[in-house]
Amino acid sequence: MEEADTLKLLEELRIKAERCTKCPLSATRKKVVFGEGGVRLRVMMIGEAPGREEDAQGKPFVGRAGKLLDEILHNLGVGRENIYITNVVKCRPPGNRPPRRSEVEACEEYLLGQFSAIKPRLVMLLGGIALKAILGEHYSITYIRGRHIVKEGVVFLPTLHPASALYNPKNRELIEEDIRKFKALLDELNQ
Ligand code: SF4
């Protein structure tokens, strides 16, 4: 699919999501955080749900955890602009609680739509909620992080959620280690 066609499909889906009332999160959100980023490399990062700052701005990963992620990506020479970043649910759960299973299921059509438009080759899963929502409830982020899994031709690499590194330097080291691996996988795919 041409890049322009991908962007057109994503835009149509974004417009639909912005009017979405399929789950109760629509009642408390300020803005729908659909996702953004480059699609040419067909690489995605998927987190859990928007936080307060994301809800206010309508953009993914712009709060403190997002800034930490940007810093790690920058330090390791990975351009955020080349990655399409989104979340499993597109509206903020009140008080930043984890999204409920029913909310993840209600929002699935948008994530599946993003997958079918972008056709990602490499997907980094940021945290346990994204891991379980996409690869299955039986996975544990503690055991699987840093190990890539190939499913239906897509390489998935789970890591910890960047928010977990805000007060825990050890978690930051683990995320850095995983993003180094992400970069190596990307270089391999681009050869
Ligand atoms: S979280 Fe998803 S399903 Fe729920 S209202 Fe927002 S866009 Fe719709």
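Student: What should I know about the model before we start?
Tutor: It is a predicted model, where local features need pLDDT of at least 70, side-chain atom pairs count only at pLDDT 80 or more, and totals for chains, interfaces and linings use all residues. Residues are numbered from 1 along each chain as its sequence is written, and side-chain values use heavy atoms, with hydrogens and water left out.

Student: OK, what does the secondary structure come to?
Tutor: The chain has eight helices and six strands. Helices (H or I, at least four residues) and strands (E, at least two) are DSSP runs, numbered from the N terminus.

Student: And which pattern does the chain follow along the sequence?
Tutor: Along the sequence it reads α-α-β-β-α-α-β-α-β-α-α-β-β-α. The radius of gyration is 15 Å, close to the 16 Å from the globule rule for 191 residues, so the chain is as compact as a globular protein of that length. That radius is taken over C-alpha atoms, and the rule is 2.2 Å times the number of residues to the power 0.38.

Student: How much of the chain is buried?
Tutor: Buried residues are 53% of the 191 residues. Buried means under 20% relative accessible area, exposed means over 50%, and partly exposed is in between (1.4 Å probe, protein chains only).

Student: What about contacts between residues at least 6 apart in sequence?
Tutor: Of those, 72% join residues at least 24 apart. A contact means heavy atoms within 4.5 Å.

Student: Switching to the sheet: in what order do the strands come?
Tutor: The six strands make an open sheet ordered E1-E3-E2-E4-E6-E5, with mixed pairing. At the edges are strand E1 (36–37) and strand E5 (149–151), each pairing on one side only. Two strands pair if DSSP finds at least two bridges between them.

Student: Which strands does E2 pair with?
Tutor: Strand E2 (residues 43–47) runs parallel to strand E4 (residues 122–126), and four bridges join them. E2 also pairs in the parallel sense with strand E3 (residues 84–87), again over four bridges.

Student: Is E2 mostly covered or mostly open?
Tutor: E2 is mostly covered, as five of its five residues are buried. Val43, Met45 and Gly47 point one way from the strand, while Met44 and Ile46 point the other way.

Student: What lies across the sheet?
Tutor: Helix H8 (residues 169–190) lies across E2, E4 and E6, at about 165 degrees to E6. Axes here are lines fitted to C-alpha atoms, for helices over the stretch in contact, and angles run from 0 to 180 degrees between N-to-C directions.

Student: Next, H6. Which residues are buried there?
Tutor: In helix H6 (residues 128–135), the buried ones include Ala130, Leu131, Ile134 and Leu135. They cover an arc of only 100 degrees around the axis, which puts them on the same side of H6. The arc is that of the directions from the helix axis to the C-beta atoms.

Student: What covers them?
Tutor: The cover includes E2, H5, E4, helix H7 (141–144), E5 and E6.

Student: How many aromatic pairs are there?
Tutor: There is one aromatic pair in the structure. Phe115 and Phe156 are stacked, 6.4 Å centre to centre with 20 degrees between the planes. Phe115 lies in helix H5 (residues 101–118) and Phe156 in strand E6 (residues 154–159), so the pair ties together parts that are 41 residues apart in sequence.

Student: Which cut-offs apply to ring pairs?
Tutor: Rings of Phe, Tyr and Trp (its six-membered ring) pair if their centres lie within 6.5 Å; planes under 30 degrees apart are stacked, over 60 edge-to-face, and the rest tilted.

Student: Last one: which residues have a positive phi although they are not glycines?
Tutor: Among them is Arg42, at about 55 degrees, in the loop between E1 and E2. Arg42 is partly exposed at 34% relative accessibility. Another is Glu152, with a phi of about 50 degrees, in the loop between E5 and E6. Glu152 is exposed, at 78%.
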